[in-house]
Amino acid sequence: MSPTLFKNVHVLDVRQGALLEAHEVLVEGDAIREVSDTPITRPGARVIDGGGRTLMPGLIDCHVHVTFSHTNLGLLAGTPNTTLAYRALPILRGMLRRGFTTVRDCGGADWALKQAVEDGMDGTVIGPRLFVSGPALSPTGGHGDFRPRSDRLQPVGCGCQRLASTRVVDGVDAVRRAVRELLQMGADQIKIMSSGGVASPTDPIDALGYSLDETRAIVDEAAAHHTDVLAHAYTPAAIRRAVACGVRSIEHGNLIDAPTAALMAEKGAYAVPTLITYEALARDGARLGLGPESVAKIEQVRAAGLRSLEIFKAAGVKLALGTDLLGASHPLQSEELLIRAQVQTPLEVLQSATLIGAELLGQQGKIGEVTPGARADLLLVDGNPLQDLRCLAGQGERIALVMQGGQLRFNAPPP
């Protein structure tokens, strides 16, 4: 790749919360080489005049499901992997166009899809950089067990490995083996179900998932491979169990209370709220095929969403950005930024979607900021996100350019 020199840009410093005016940024290969308030000379570089726009780091979404092309997840169970992968392509492309250059898939995408994106530098597969979990692990009857109620429980078959599914597994020895298998198959982190959930049909929201012994075994196996565990959990009881066992991040956490949030802060656990998905499900879930059992559970967690942000923030828990959207709701991804801004400042929201996301992924200093040595994941934005996050909303209408790893992915013509 030829070097790229950005001129006449205002660089967003997400660490300091400042817009650095009249800067130049040099990109070589896949990395940022220089950020300067004086002219940079690089013979042979492609020059991009930013026209006074904001140059900022690509966004990070720490809770997505890129293979969930249908709102009713039970309908995906028998879908062939190839079909799921093809359906994921427009979802991936849409995320990147909205400025999300890195995402953590929390159940569904596998190593093969991740590799397809990484190999897609020729434009074959365009999408965010993927950190994949493979199938999420669920206990029998937990969030992720989509078998219907019956007087004869259907056995768990080989279909549990499908891209858009979970893997139902019980017992300490069995979960240890499952973690080892997932890591061998290329998982970057392990996702577990520690409480009930909305999308699955038979588990109450306040049900507890994996036992303490099972959770400790899962965390121990992940740590042995130098990675970590994220837990789907809503209630204080479920969150406390997970955090006590060493789980690194709590997904959703809508029903958190202050003492549990304080425990998370003490243990250094992260929270990944996903508030936009409840708005989407409440608005359109039934119409898009969500089962009646799930529709009835939405309001339990939706109403507590903003209050959970306030509790996490007051306790000093680090908040990464997540969305957890399904099916036709994926285009609502950027609305999470605006929901967060009802409780957090614009800078705090931006840090959730950049620096804190990078920390959670173990990529601090590598992504999430415009600094020498970091990957060249860059957005050229019409507007100042520190003043108004709406310039990042929608489908990227005000994002004039998206660069990922030094490659221009989307580049609108100059004004």
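Let me begin with Thr102, which counts as buried because its relative accessibility is 0%. What we have on the screen is a predicted model, and the values I quote this morning are all to be taken in that sense. The place of Thr102 is in strand S7, which covers residues 100-105, and the side chain of Thr102 makes a polar contact of 2.8 Å with the side chain of Arg129. If we leave aside the neighbours within four places in sequence, Thr102 is in contact with Leu59, Ile60 and Asp61, with Pro128, Arg129 and Phe131, and then with Leu361, Ile367 and Asp377.

Lys114 lies in helix H2, residues 111-118, and it counts as buried because its relative accessibility is 13%, where the cut-off for buried is under 20%. Which side chain does the side chain of Lys114 meet in a polar contact? The partner is the side chain of Asp188, at 2.8 Å, and Asp188 is also among the residues that Lys114 touches, together with Leu130 and Val132, when residues up to four places away in sequence are not counted.

How many disulfides does a search of the whole structure find? The search finds zero, and Cys62, to take one case, is in no disulfide, the nearest cysteine sulfur being that of Cys106, 7.7 Å away. A disulfide is a covalent bond between the sulfur atoms of two cysteines. Seen from the other end, the closest cysteine sulfur to that of Cys106 is in Cys62, and the 7.7 Å between them is too far for a bond, given that the sulfur atoms would have to be within 2.5 Å. Both residues are away from the surface in the sense used here, since Cys62 is buried with a relative accessible area of 0%, and Cys106 is buried with a relative accessible area of 1%.

To return to Ile250, its contacts beyond four places in sequence are Ala231, Ala233, Ile239, Ala242, Val243, Met264, Tyr270, Ala271 and Val272.

Helix H9 deserves a moment of its own. Its buried residues are Gly305, Ser308, Leu309, Ile311 and Phe312, and, seen down the axis of H9, these fall within an arc of 165 degrees, so they line one face of the helix. An α-helix has 3.6 residues a turn, so residues three or four places apart point the same way. On the other side of H9, Arg307 and Ala314 are exposed, and just after the helix, Gly316 takes a positive phi of about 80 degrees.

That brings me to backbone angles elsewhere. Most residues other than glycine have a negative phi, and most peptide bonds are trans. Which strand holds Ala22? Ala22 lies in strand S2, and although it is not a glycine, it has a positive phi of about 50 degrees. His252, in strand S13, residues 249-252, is also a residue other than glycine with a positive phi, in this case near 80 degrees, and His252 counts as buried because its relative accessibility is 2%.

S2 and S3 form a hairpin with two residues between them, and Gly29 in the turn has a positive phi of about 60 degrees.

I will finish with Ser334, in the loop between strand S15 (318-319) and helix H10 (335-340). Is Ser334 buried or exposed? Ser334 counts as buried because its relative accessibility is 1%, and beyond four places in sequence it touches Arg98, Phe100, Leu392, Ala393 and Gly394.

Notes. Residues are numbered from 1 along each chain as its sequence is written. This is a predicted model: local features need pLDDT of at least 70, side-chain atom pairs count only at pLDDT 80 or more; totals for chains, interfaces and linings use all residues. Side-chain values use heavy atoms; hydrogens and water are left out. Helices (H or I, at least four residues) and strands (E, at least two) are DSSP runs, numbered from the N terminus. Buried means under 20% relative accessible area, exposed over 50%, partly exposed in between (1.4 Å probe, protein chains only). Contact means heavy atoms within 4.5 Å. Two strands pair if DSSP finds at least two bridges between them. A polar contact is a pair of N or O atoms within 3.5 Å; within protein, one must be able to donate a hydrogen and the other to accept it, and residues adjacent in sequence count only if both atoms are side-chain atoms. The arc is that of the directions from the helix axis to the C-beta atoms.
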